[in-house]
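Student: I am new to this structure and would rather understand one part well than skim over everything. Please take me slowly through the space left between the atoms and whatever surrounds it.

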Amino acid sequence: MATASEPCSVLALKFNKCEHIANSMNFMKSVLHKNTLITLFEEHHPPLDQEAYELTTKCKLDMTPVSEAFNVDGHLHIGDVVEKFGVKYIEFCCKAVKSTDTDKTAQKAVNVFQVLMASGSARTFPDRKHSR
């Protein structure tokens, strides 16, 4: 909990449902300005494997449904986003990174030049047409 001498703000927080959290969480909390957004996320969410999961952090300036959400860097300090931009709402979303098939594709890649050279002697051409 924040002490009286440390600057803090009350923010509305939302943690979207993910593989780690069964239900989304919405609550208001007093947070210290010296903490980063990632620190705040880690207080309420299990640690993430950075290669398997992606964290998206969005901030809003007010609580209205039409308010535009901004993607923000998780390394920003809470004090900066609150004092300089007037952020009142922070939403965290943890998603699994889609695995790409680039490794499988690289293994199956064929060197076309080698294929052409290997089959060069086996090429056959159609018979020459004679005009009358």
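Tutor: A word on naming comes first: helices (H or I, at least four residues) and strands (E, at least two) are DSSP runs, numbered from the N terminus. The model is predicted, so local features need pLDDT of at least 70 and side-chain atom pairs count only at pLDDT 80 or more, while totals for chains, interfaces and linings use all residues. Residues are numbered from 1 along each chain as its sequence is written, and side-chain values use heavy atoms, with hydrogens and water left out.

With that settled, the protein chain holds 4 helices and 5 strands, and from the N terminus on they follow one another as β-β-α-β-β-α-β-α-α. Of its 132 residues, 27% are buried, where buried means under 20% relative accessible area, exposed means over 50%, and partly exposed lies in between (1.4 Å probe, protein chains only). Among the contacts with a separation of 6 or more, 66% join residues 24 or more positions apart, a contact being heavy atoms within 4.5 Å.

Now to the space itself. Rolling a probe the size of a water molecule over the atoms shows where empty space is left. A pocket is an open set of points on a 1 Å grid over the protein atoms alone, where a 1.4 Å probe fits and protein lies on both sides within 12 Å along at least five of seven lines; lining residues have an atom within 4 Å of a point. The largest pocket holds about 240 Å³ of space, a volume filled by probe spheres set on grid points joined across faces, edges and corners. Its lining consists of 15 residues, and those nearest the centre are I38, F41, L48, Q50 and L55. Two elements give two or more residues to this lining, namely helix 1 (37-44) and strand 3 (53-60), and strand 3 gives the most, with 4 residues. By kind, the lining residues divide into 8 nonpolar, 4 polar and 3 charged, counting Ala, Val, Leu, Ile, Met, Phe, Trp, Tyr, Cys and Pro as nonpolar, Asp, Glu, Lys and Arg as charged, and the others, Gly among them, as polar.

L48, one of the residues nearest the centre of the pocket, sits in the loop between helix 1 and strand 3. At 18% relative accessibility, L48 counts as buried. Leaving aside residues up to four places away in sequence, L48 touches H20, F41, Y53, L55 and C94. For L48 and C94, the C-alpha atoms are 8.6 Å apart in space, although 46 residues separate the two in sequence.

Strand 3 also contains E54, which is partly exposed, with a relative accessible area of 46%. With residues up to four places away in sequence not counted, E54 touches C93, C94, K95 and V97. E54 and K95 lie 41 residues apart in sequence and 5.3 Å apart in space, from C-alpha to C-alpha.

Rings of Phe, Tyr and Trp (its six-membered ring) pair if their centres lie within 6.5 Å; planes under 30 degrees apart count as stacked, over 60 as edge-to-face and the rest as tilted. The whole structure has 4 aromatic pairs. In one of them, F15 and F27 are stacked, 5.9 Å from centre to centre with 5° between the planes. F15 belongs to strand 1 (residues 8-15) and F27 to strand 2 (residues 25-32), so this pair ties together parts that are 12 residues apart in sequence. F15 is buried at 1% relative accessibility, whereas F27, at 25%, counts as partly exposed. The rings of F41 and F92 are tilted, because their centres are 5.5 Å apart and their planes stand at 45°. Both F41 and F92 are buried, and together with F15 and F27 they form one aromatic cluster.

Helix 1 has a further neighbour in helix 2 (residues 78-85), whose buried residues are I78, G79, V81 and V82 and pack against strand 1, strand 2 and helix 1. In the loop between strand 4 (70-72) and helix 2 lies L76, which is partly exposed at a relative accessible area of 33%. Beyond residues up to four places away in sequence, L76 touches N35, T36, L37 and V81. L76 and L37 are 39 residues apart in sequence, yet 6.2 Å apart in space, C-alpha to C-alpha.
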